[in-house]
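Please read the points below with the model open beside them.

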Amino acid sequence: MVTSKVIIALDFSERQQVLDLVSRLDPQECRLKVGKELFTSYGPQIVRDLQALGFEIFLDLKFHDIPNTVYKAIRAAADLGVWMVNVHASGGRTMLTQARQAINDSQNKPLLIAVTILTSLSASEVAEIGYGQDVANQVKHLARLSYECGLDGVVCSAQEANIIKSVTVPEFLTVTPGIRLADATKDDQTRVMTPEAAVANGADYLVIGRPITQADNPLAVLQEINFSLR
Ligand code: C5P
């Protein structure tokens, strides 16, 4: 059982880059996030290869489709034995409920997480799509819907983690990207938090990419983060 809160984002285009990085990590100290780029290039085999090295996988494919298709996609993800999988909350109640049902019907039961509003969207883009509320209220609304449909949690910024829990329950999981170590570069992230501040603000899991993947010694940085959260 991995006790670390850290999920390392594998934002690489080449399989060899992934294998080089993970050879320098420890599956007892982190989990790994496989997203659309890696999965589209290398398929489920990359997930199996990482699992064979002992890593638990967050399959970040953000499913959003008709309920029957999402049901089947989640069944496939569960059969792949991933630890966490996600969908877009804006797929609606039936889609979310079918996603939950897919896991209930599967032998392996990954955590089921929703994306509320993509943080890349500006307030004007959110209005342009046609959501009737401002971003903060829309995020809360979709978090509550996800909770009602039996999901295990949401992806959100660490700034929102406590608010999400206050409109659902404390056990509703928050998975938070936008983490930076104190004094480090922010890259293209705007609103960032340190691991300790994020956890203090209600983050259950931290999605961390470049601060670990681009470090000279990724395992040392990971261990430092894990230590700071004990
Ligand atoms: O390198 P960095 O730590 O910024 O990577 C963060 C990871 O989290 C990336 O895979 C990014 O796509 C993802 N993410 C994010 N912000 C969101 C949702 C996902 O940074 N709102």
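1. Basis of the note. The structure is a predicted model, in which local features need pLDDT of at least 70 and side-chain atom pairs count only at pLDDT 80 or more, while totals for chains, interfaces and linings use all residues. Residues are numbered from 1 along each chain as its sequence is written, and side-chain values use heavy atoms, with hydrogens and water left out.

2. In the order 1-2-3-4-5-6-7-8, 8 strands close into a barrel with parallel pairing; two strands are taken to pair if DSSP finds at least two bridges between them, and helices (H or I, at least four residues) and strands (E, at least two) are DSSP runs numbered from the N terminus. From one strand to the next the twist averages 25°, where axes are lines fitted to C-alpha atoms (for helices over the stretch in contact) and angles run from 0 to 180 degrees between N-to-C directions.

3. Strand 1 (residues 6-9) pairs in the parallel sense with strand 2 (residues 31-34) over 3 bridges, and here Ala-9 has Lys-33 of strand 2 as its bridge partner. Strand 2 in turn pairs with strand 3 in the parallel sense over 3 bridges, with Lys-33 standing opposite Phe-58 in strand 3. Strand 3 and strand 4 are also joined in the parallel sense by 3 bridges, and Phe-63 stands opposite Val-87 in strand 4.

4. Burial of strand 3. Of the 7 residues of strand 3 (residues 57-63), 6 are buried, so this strand is largely enclosed by the rest of the structure. Buried means under 20% relative accessible area, exposed means over 50%, and partly exposed lies in between, with a 1.4 Å probe and protein chains only. Lys-62, which is found in strand 3, is partly exposed, with a relative accessible area of 23%.

5. The ligand site. Which residues surround the ligand? They are Ala-9, Asp-11, Lys-33, Thr-119, Pro-177, Arg-180, Gln-189, Val-207, Ile-208, Gly-209, Arg-210 and Pro-211, where a residue is near a molecule or strand if one of its heavy atoms lies within 4 Å of it. A polar side-chain atom of Lys-33 lies 3.2 Å from an oxygen atom of the ligand. From the backbone, an N or O atom of Gly-209 lies 2.8 Å from a ligand oxygen atom, and a polar backbone atom of Arg-210 is 2.7 Å from an oxygen atom of the ligand.

6. Aromatic pair of Trp-83 and Tyr-205. A search of the whole structure finds 2 aromatic pairs; rings of Phe, Tyr and Trp (its six-membered ring) pair if their centres lie within 6.5 Å, and planes under 30 degrees apart count as stacked, over 60 as edge-to-face and the rest as tilted. Trp-83 and Tyr-205 have ring centres 5.1 Å apart and planes at 85°, so this pair is edge-to-face. Trp-83 lies in the loop between helix 4 (67-79) and strand 4 (84-88) and Tyr-205 in strand 8 (residues 205-208), so the pair ties together parts that are 122 residues apart in sequence. Trp-83 counts as buried at 13% relative accessibility, and Tyr-205 counts as buried at 16%.

7. Aromatic pair of Tyr-147 and Phe-172. The ring centres of Tyr-147 and Phe-172 are 5.5 Å apart with planes at 80°, so this pair too is edge-to-face. Since Tyr-147 belongs to helix 7 (residues 135-148) and Phe-172 to the loop between helix 8 (161-167) and strand 7 (173-176), the pair ties together parts that are 25 residues apart in sequence. Tyr-147 is partly exposed at 36% relative accessibility, whereas Phe-172 is buried, with a relative accessible area of 1%.

8. A charge over a ring. Arg-31 lies over the face of Trp-83, at 4.1 Å from the ring centre; the criterion is that NZ of Lys or CZ of Arg is within 6 Å of the ring centre and within 35 degrees of the ring normal.

9. Backbone angles to check. Most residues other than glycine have a negative phi. Lys-62, however, has a positive phi of about 45° although it is not a glycine. Asp-187, another residue other than glycine, has a positive phi near 55°; Asp-187 is found in the loop between strand 7 and helix 9 (195-200) and counts as partly exposed at 37% relative accessibility.

Note on methods
A polar contact is a pair of N or O atoms within 3.5 Å; within protein, one must be able to donate a hydrogen and the other to accept it, and residues adjacent in sequence count only if both atoms are side-chain atoms.
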